[in-house]
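This report describes a single protein chain and how parts of it pack together. The sequence and the structure are shown first.

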Amino acid sequence: MKRRILSLILGTALSAAMLTGCGGSQTTATTAAPASEAKADVTTTAKEAATEAAKATGSGGKVGVAMPTQSSERWINDGANMKKQLEALGYQVDLQYAEDDVQMQVSQIENMIASGVNCLVIASIDSSALVNVEVQAKNAGIPIIAYDRLLMDTDAVSYYATFDNKGVGTAIGQYIKDKKELDKAKAEGKSYTIEFFMGSPDDNNALFLYNGLMEVLKPYLDDGTLVCESGRTSFEDTCILRWSQETAQQNCENYLTGFYADKKLDICASAFDGFAYGCKAALEGAGYKVGEDWPLITGQDAELMATKNIISGFQTMSIYKDTRLLAEKCVTMVQAVLQGAKPEINDTTQYNNGKIVVPSYLCTPVAVDKDNYKKVIVDGGYYTEAQLAQ
Ligand code: BGC
């Protein structure tokens, strides 16, 4: 059954400063200063007042934020963070979720364009399916920022804010390599069974992750230290459309019955926390027990449920992606395109979308497990101990 994320209150409260009297008193305070300084101060004060007024009325412009789905917690956090941060800067925000329905996302973006947004932020469902609507935005002079997922086959995208997607894959691979001590296993002639659950073929991130993962694990598959009984190791054979938890569970069930009737599955190389939940259900159904024969299960996003599963042993690790930081980087890009400023960019080579290489900022993903989740996630203020204990 699809996971339902029920309780999320968008933290949209805008603490607009009260302006009355503020500018006046500052101006008065500068009257004794030399004329030139006083003039500068008055100008600064007027600017500040204008910014504050913009904040209070949302007149900094309107930003359309198109998100893919609310079925996964991370996107709810992404949307909430974007809205909160943009509103705090005085922008009006139209935040829409398309529930993994490509046509719905196209319509939502068309409506945003028609309603006169000044900028679009898009986390796509199918990254190549928005080409026409991107042309519409371009013709209307509306800049587009790609959020987390690259927008493919278009020159209408100005910037891309994301995590190091290949780095996510290498971090998962490295974790498996270290935890299973693959070099030692190889030297001792030992082997581990492994199955792969990779991301959606219409999401550019999924292939980046796969390539990073295989950069670390392929040598061990080649020399037999890792054995994939299903034989499904290619991206084409292991990708899961729309990151479906149900499909991951189904695949895992099929692998367990088809290939692991008389042996154990040691590793589920899963590219997403949702897949880890699917694998968990399949493994429980097949009688696997935590603390006995439970496999090493990886994930991505460090969702609240995944972090709880890490604590209880049902998931071994996840990739923590601080969505607050991603939103922050994306917001600087919005400001840049609207105000002619330069946002911080740290990659100008990797993200070729088939039309252009999109200037990008890549945030750093961090592997978390039960040994470091407190330090990284709790001390980092992402979840509280109380949330994790519920
Ligand atoms: C994101 C991942 C996420 C996945 C499924 C990808 O594009 O980069 O963080 O787990 O989508 O929602």
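**Overall make-up**

The model is predicted. The protein chain holds 15 helices and twelve strands. It has 390 residues, of which 43% count as buried. Among its contacts between residues at least 6 apart in sequence, 72% join residues at least 24 apart.

**Helix H6**

Helix H6 covers residues 165–179. At 1.5 Å a residue, its 15 residues should span 21 Å, and this agrees with its end C-alpha atoms, which are 21 Å apart. The buried residues of H6 are Asn165, Lys166, Val168, Gly169, Thr170, Ala171, Ile172, Gly173, Tyr175 and Ile176. They pack against strands S5 (157–163), S8 (267–270), S9 (296–297), S10 and S12, and against helix H8 (204–222). Just after H6, Glu181 takes a positive phi of about 45°.

**Helices H10 and H11**

Two packed helices are described by the angle between their axes and the distance between the axes. For helix H10 (residues 245–259) and H11, the axes come within 7 Å and cross at roughly 40°. The crossing in which H10 passes H11 is right-handed. On the H10 side, the contact is made by Gln245, Glu246, Ala248, Gln249, Cys252, Glu253 and Leu256. On the H11 side, Gly274, Phe275, Tyr277, Gly278, Cys279, Ala281, Ala282 and Gly285 take part. These residues divide into eight nonpolar, five polar and two charged.

Phe275, found in helix H11, is one of the residues in this contact. Phe275 counts as buried because it has 29 C-beta neighbours inside 10 Å, and the cut-off for a buried residue is 20 or more. The C-alpha atoms of Phe275 and Gln245 are separated by 5.0 Å, although the two residues are 30 residues apart along the chain. Not counting residues up to four places away in sequence, Phe275 touches Phe197, Ile240, Gln245, Ala248 and Ser270. Of these, Gln245 and Ala248 also belong to the H10 side of the helix contact.

**Helix H12**

An α-helix has 3.6 residues a turn, so residues three or four places apart point the same way. In helix H12 (residues 304–312), the residues Ala306, Thr307, Asn309 and Ile310 are buried. Seen down the axis of H12, these buried residues fall within an arc of 160°, so they line one face of the helix. The elements they pack against are helix H11 (273–285), strand S10 (317–320), strand S12 (366–369), helix H14 (373–378) and helix H15 (385–389). Both S10 and S12 are also among the elements packed against the buried residues of H6. Just after H12, Gly313 takes a positive phi of about 95°.

Thr307 lies in H12 and counts as buried, with 24 C-beta neighbours inside 10 Å. Leaving aside neighbours within four places in sequence, Thr307 is in contact with Ala302, Tyr373, Ile377, Tyr383 and Leu388. One of these, Ile377, is 70 residues from Thr307 along the chain, and the C-alpha atoms of the pair are separated by 9.0 Å.

**Loop residues**

Most residues other than glycine have a negative phi, and most peptide bonds are trans. Asp100 has a positive phi of about 60° although it is not a glycine. Likewise, Asp153 is not a glycine and has a positive phi of about 55°.

Where does the place of Gly354 lie? Gly354 is in the loop between helix H13 (323–339) and strand S11 (360–363). Leaving aside neighbours within four places in sequence, Gly354 is in contact with Met152 and Asp153. Met152 is 202 residues from Gly354 along the chain, and their C-alpha atoms are separated by 6.4 Å.

The loops of Asp100 and Asp153 are as follows: Asp100 is between strand S2 (92–97) and helix H4 (102–114), and Asp153 is between strand S4 (144–147) and S5.

| Residue | C-beta neighbours inside 10 Å | Burial |
|---|---|---|
| Asp100 | 21 | buried |

Methods:
Residues numbered from 1 in each chain as written. Predicted model: local features only at pLDDT ≥ 70, side-chain atom pairs only at ≥ 80, totals over all residues. Buried ≥ 20, exposed ≤ 12 C-beta atoms within 10 Å, placed from the backbone. Helix = DSSP H or I, 4+ residues; strand = E, 2+ residues; numbered from the N terminus. Arc of directions from axis to C-beta. Contact = placed C-beta atoms within 7 Å. Axes fitted to C-alpha atoms, helices over the stretch in contact; angles between N-to-C directions. Left-handed = near helix turned anticlockwise from the far one by under 90°. Nonpolar A, V, L, I, M, F, W, Y, C, P; charged D, E, K, R; others polar. Expected span 1.5 Å × (residues − 1).
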